[in-house]
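Please read the points beside the structure.

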Amino acid sequence: MKKLTLEKILQSQGFGTKKMCRYMVLDGLVEIGGAVVDDVHAEFDPTDLEFTVDGAAWRYREKVYLALNKPTGVECSRRPAVHRGVLSLLPDQFTARDVQPVGRLDHDTTGLLLLSDDGAFIHAQSHPKRHVSKTYVATTHEPVTPELVAKLQDGVILMDESAPLRAQARQVGESEVEIVLDMGKYHQVKRMLAAAGSHCVALKRTAIGKLTLEALGLAEGEWCYLEAAQLAMLTTG
Ligand code: URA
């Protein structure tokens with residue numbers, strides 16, 4: 001990759017304006033290979049460049065792909081109205097890079113949420129024809145019955161939908177049902193449960209394609225970068 005000055009590298013990674021980044025370098029806040037680099041004219045190949053800013057370690061990434069274990073009480077909207085916004089759970093650099101959630105989870109839904117600043121990736125993942133499965137575990141008010149599971153599998157009619165919507169469903173606890181969808185209509189899990197005569201009291205997304213929250217090992221509110229092998233798991237399922 002073309003060599004760039006540190007101020008340009010920092011700016012591309014969301015550290016602020018060119019001027020702010022220049023002062024970070026001049027102030028000796030940036031280290032590479034354990035040594036301060038305060039020469040604003042020095043150029044580096046940014047590919048996989050590892051550096052620290054004010055002691056915090058970073059690696060240059062042209063685009064970022066993130067997974068977050070979303071807690072409850074957090075809005076996925078870019079302009080949160082009632083609850084805190086999901087971007088507030090991430091370092092400010094990601095907001096500056098225009099990182100956005102890939103699709104949305106309700107404010108009271110927890111679990112696996114992808115975020116990225118790669119518009120093509122967001123578009124591809126969100127495309128209705130893509131059919132990447134999304135797995136949820138819903139906790140219901142009443143115990144789950146075989147009839148409920150059968151209704152979800154056979155299909156339920158939702159308001160504004162002409163054809164019945166079906167889901168793979170299986171009981172995973174006394175009041176817990178796992179539901180796998182290959183599309184994402186508005187409030188789909190909660191509406192399907194309501195249409196099947198149940199009531200969802202808690203909802204968690206546990207997997208997208210073959211990428212599971214369990215394998216990522218994220219506690220609620222924690223995030224991680226997704227690397228190529230994990231991104232490849234999003235295309236199947
Ligand atoms: N279905 C819902 O009802 N809510 C979500 O957040 C996701 C899927």
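1. The model is predicted, so local features need pLDDT of at least 70 and side-chain atom pairs count only at pLDDT 80 or more, while totals for chains, interfaces and linings use all residues. Residues are numbered from 1 along each chain as its sequence is written, and side-chain values use heavy atoms, without hydrogens and water.

2. Around the ligand stand Leu105, Asp106, Thr109, Tyr136, His187, Gln188, Val189, Lys190 and Leu203 (a heavy atom within 4 Å). By class, four are nonpolar, three polar and two charged.

3. Helix H6 (residues 188-195) supplies three residues, the largest share of this shell. The ligand lies between domain 2 (65-129 + 211-231) and domain 3 (133-208), because both give residues to the shell.

4. Which side chain has an N or O atom 2.9 Å from an oxygen atom of the ligand? That side chain belongs to Thr109. A backbone N or O atom of Val189 is 3.1 Å from a ligand nitrogen atom, and a polar backbone atom of Lys190 is 3.1 Å from a ligand oxygen atom.

5. Taken alone, the ligand exposes 240 Å², of which the protein buries 95% (Shrake-Rupley method, 1.4 Å probe).

Definitions and conventions
Polar contact = N/O pair within 3.5 Å; in protein donor to acceptor, adjacent residues only side chain to side chain. Helix = DSSP H or I, 4+ residues; strand = E, 2+ residues; numbered from the N terminus. Nonpolar A, V, L, I, M, F, W, Y, C, P; charged D, E, K, R; others polar. Domains from an automatic or database assignment.
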